[in-house]
Amino acid sequence: MILTVTLNPAVDHTLQLDDELTSDSVARTDTAQFDPGGKGINVSKYLVELDVETTATGYVGDFLGRFLREELTTQGIPNDFVEISGCTRLNTTILTPQSEFKINQNGPTVDDTALELIVETIERHSPEMVVVAGSLPRGVGPEAIDYIADAGPWETVVDVGGDVLADLEAEYALCKPNREELAATVGGEIDSLSDAFAAARALQKRGFERVVASLGGDGAIMATPDTVLYTPALDVDVVDTVGAGDALLAGVLAERQRSGTDEAALRAGVAVASRVVAVSGTSVPSLDDALSNIEEMTVTAH
Ligand SMILES: O=P(O)(O)OC[C@@]1(O)O[C@H](CO)[C@@H](O)[C@@H]1O
């Protein structure tokens, strides 16, 4: 079982506008979508759709926390959250004909004594793997992630910001930076695929058994102890990119559990991400046949 930990969940509010945003005028829209979100929660949503056993945990609070819980339960996503007194955040995506704007709140402040409740929740579910993903709420530092990773026999996967990633000290089975986070961890720019391969290789050597990096429209890479694999993105009509990295991670973890090979896992990640960018917000597309033709996708070793 894969348990996801989202320490700073969000309700994702997605608005679609027919025109570009302009200052000093009221934009009006008929469409408003609210999805339970936050990176770990999204991974659980996509894993359920891929028929992988999962449970989502993390901190939730107040009316948006209640909405998030109820909505996940209605959607059939197993969840077991820790209640906090602060309010879960509302993150907004505004889609205009030309642009995608994303505004994320920092979220509530969490007392670090609540971490023990997260660890107790994880222990109750005895997962083989724990995925800690998303930003940290105020009051929680990178050492909380090391604490979770060291607290039990589970393998731990992280998808956290580049600054947090750089401070982690425990053993991790996998990390999933995006291009900017990859650049931040190596303190340089990623201007080409070969920069990305070198950065992923360097990060892998710093103590992550595998590094899966999402490169947006350029595809994704996986650095393993032996090689760096690369798969280009599929050609799809992109509605928005919110949740694409979470979908990549869910696809990689689902396929690694099924076939165990890194090549197939990377292909599966890119295939699932390409389905998710074709729907708005962090709603879940049908992934029934998402993995059916993945052996036709290109993977190269570098
Ligand atoms: O502020 P964070 O935690 O880095 O990211 C949160 C978030 O942008 O990530 C998900 C998409 O990956 C959304 O569901 C959510 O709003």
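In the predicted model, Ala-10 stands opposite Arg-89 of strand S6, and this pair belongs to the parallel arrangement in which strand S2 (residues 10–16) is joined to strand S6 (residues 89–95) by seven bridges. Strands are DSSP runs of E with at least two residues, helices are runs of H or I with at least four, and both are numbered from the N terminus; two strands are taken to pair if DSSP finds at least two bridges between them. Residues are numbered from 1 along each chain as its sequence is written, and side-chain values use heavy atoms, with hydrogens and water left out. Because this is a predicted model, local features need pLDDT of at least 70 and side-chain atom pairs count only at pLDDT 80 or more, whereas totals for chains, interfaces and linings use all residues.

Strands S2 and S6 are part of an open sheet of four strands with the order S3-S2-S6-S7 and mixed pairing. Its edge strands are S3 (32–37) and S7 (100–103), each of which pairs on one side only. From one strand to the next, the twist averages 20°, where axes are lines fitted to C-alpha atoms, for helices over the stretch in contact, and angles run from 0 to 180 degrees between N-to-C directions. Helix H2 (residues 62–74) packs on this sheet and touches S2, S3 and S6, its direction making about 85° with that of S3; contact here means heavy atoms within 4.5 Å. Strands S6 and S7 run antiparallel and are joined by four bridges, with Leu-95 opposite Glu-100 of S7, and a hairpin of four residues links S6 to S7.

A second open sheet is formed by ten strands in the order S5-S4-S1-S8-S9-S10-S11-S12-S13-S14, again with mixed pairing. Strand S5 (82–83) and strand S14 (300–301) stand at its edges with a single partner strand each, so one side of each is left without a neighbour in the sheet. Within this sheet, strand S1 (residues 2–6) and strand S4 (residues 54–60) run parallel and are joined by five bridges, the partner of Val-5 in S4 being Thr-57. Helix H1 (residues 39–49) packs on the sheet, where it touches S1, S4, strand S8 (129–133) and strand S9 (155–159), and its direction makes about 150° with that of S1.

Around the ligand there are 15 residues, of which Asp-12, Arg-89, Asn-91, Ser-135 and Asp-246 come nearest; a residue is counted if one of its heavy atoms lies within 4 Å of the molecule. Polar contacts, defined as pairs of N or O atoms within 3.5 Å, include those in which a polar side-chain atom of Asn-42 lies 2.9 Å from an oxygen atom of the ligand, and in which a polar side-chain atom of Asn-91 lies 2.9 Å from a ligand oxygen atom. For Lys-102, an N or O atom of the side chain is 2.9 Å from an oxygen atom of the ligand. The protein covers 88% of the 400 Å² of accessible area that the ligand has on its own, as computed by the Shrake-Rupley method with a 1.4 Å probe.

Methods
Polar contact = N/O pair within 3.5 Å; in protein donor to acceptor, adjacent residues only side chain to side chain.
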